[in-house]
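Trainee: I want to learn how to read a model like this one. Can you walk me through it, feature by feature?

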Amino acid sequence: MIGIIESILFPRVKINKALLADKLQKKTIVITGGSFGIGEQLCCQLSEIDCHLILVARTKEKLQQIQQELQNKPATIHLFSADLSDELQLDQFILYLQKYTVDIVINNAGKSICRSTMKSLDRFHDFQRTMQLNYFAPVKLCFALIPQLINNKGHFINVSAVNVLLAPTAYWAAYQASKAAFDQWLRCAEAELLIKGVTVSTAYLPLVKTRMIEPTQAYQYAPTMSREQAADHICQLIIDQKASYKPWWTLSGQLLSILFARSWVKLMQSYLKNKSNGRD
Ligand SMILES: NC(=O)c1ccc[n+]([C@@H]2O[C@H](COP(=O)([O-])OP(=O)(O)OC[C@H]3O[C@@H](n4cnc5c(N)ncnc54)[C@H](OP(=O)(O)O)[C@@H]3O)[C@@H](O)[C@H]2O)c1
């Protein structure tokens, strides 16, 4: 049953591999968060093309394992291990990138936190860390790479979440606020980048089956998109250079979010009361 719901909510996109190869031949593509989940999958798919992939993430051994597994593929894979939420390490990565001419940036590294406000009262650092990785790091990376992207008529792709377009959800304040911050930043910068010849796209993804959602009990039985599908939608953005991918039901969700904004808050209130019987 869940499989049927998933195929309705998240129909597959068929990638024209020849067109994708045409777009990426000999190009240099930076993928942040290339060690696991959507980023790892994207790397596998793009490794079939003669291009340069630069992967950055914290887990060096996992990056090396990916490079090892894909060593016979046409793509050349370069690795950089860094915690992008650490400004010093981010600066080192930016310095490292200066020896390449980057054509495409896929801003995919992300951190999510699901925690109630009441349990966050002594955890201000959660908000600093999510903002550091999900907002400040891509802004700084963008600033560093915009000159190269302008020179190369490049493409910046942001991996965002469909939730930033819908009514906010309890417990997700840190994550959703940080994803919304970068989404808004990019939407503000978009026109300026477009007139300089840089293409800007956003993948507003629904729930994707990766380790990111594993700790959240409520998501265990929820319909999810596979990481292969998520990577396919990013590949499709590379091909058609559209401004965004959104699931087909996003507009209805947005309308409902506006029309039933207060009812949604009341629904969450009663859910939270039942769930915790007054505990947080
Ligand atoms: N899964 C979903 O339901 C979903 C839905 C909508 C949008 N998204 C977005 O999709 C993107 C990818 O998420 P995912 O689902 O593939 O999660 P994932 O499997 O946890 O992968 C996250 C990636 O980001 C990297 N990363 C995390 N913290 C980092 C840091 N401080 N510095 C550098 N790299 C870091 C991780 O590598 P290391 O741990 O090795 O550093 C990993 O490669 C995220 O931006 C997320 O917000 C996910």
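Predicted model: local features only at pLDDT ≥ 70, side-chain atom pairs only at ≥ 80, totals over all residues.

Trainee: Start with the fold. How many helices and strands does the protein chain have?

Mentor: Ten helices and seven strands make up the secondary structure of the protein chain. The C-alpha trace spans about 55 × 40 × 40 Å along its principal axes.

Trainee: What share of the 280 residues counts as buried?

Mentor: The buried share is 47%. The cut-off for buried is under 20% relative accessible area.

Trainee: Is helix α3 enclosed or open to the outside, and why?

Mentor: Count buried residues along the helix. In α3, residues 37–46, nine of the ten are buried, so the helix is largely enclosed by the rest of the structure. Those buried residues are G37, I38, G39, E40, Q41, L42, C43, Q45 and L46.

Trainee: And a single residue? Is L186 buried or exposed?

Mentor: Check its relative accessible area. For L186 that is 2%, so L186 is buried. L186 belongs to helix α7, residues 173–195. L186 and N158 are 28 residues apart in sequence, and their C-alpha atoms are 8.5 Å apart in space.

Trainee: Now the ligand. Which residues come nearest?

Mentor: There are 30 residues around the ligand, and R58, T59, N108, Y175 and T210 come nearest. An N or O atom in the T210 side chain is 2.6 Å from a ligand oxygen atom. K179 places a polar side-chain atom 2.8 Å from an oxygen atom of the ligand.

Trainee: How much of the ligand's accessible area does the protein cover?

Mentor: On its own, the ligand has 880 Å² of accessible area, and the protein covers 96% of that.

Trainee: Last, the surface. Which residues make the nonpolar patch?

Mentor: M1, I4, I5, I8 and W248 make it, with an area of about 590 Å². Take I4 as the example. I4 sits in helix α1, residues 2–9. Its relative accessibility is 52%, so I4 counts as exposed. The cut-off for exposed is over 50%.

Methods:
Residues numbered from 1 in each chain as written. Heavy atoms only, no water. Patch = residues over 30% accessible without salt bridge, like charges linked within 9 Å, V, L, I, M, F, W, Y side chains within 5 Å. Areas by Shrake-Rupley, 256 points an atom, 1.4 Å probe, with all protein chains shown as cover. Salt bridge = Lys/Arg side-chain N within 4 Å of Asp/Glu carboxyl O. Helix = DSSP H or I, 4+ residues; strand = E, 2+ residues; numbered from the N terminus. Buried < 20%, exposed > 50% of the residue type's maximum accessible area, 1.4 Å probe, protein only. Near = heavy atom within 4 Å. Polar contact = N/O pair within 3.5 Å; in protein donor to acceptor, adjacent residues only side chain to side chain.
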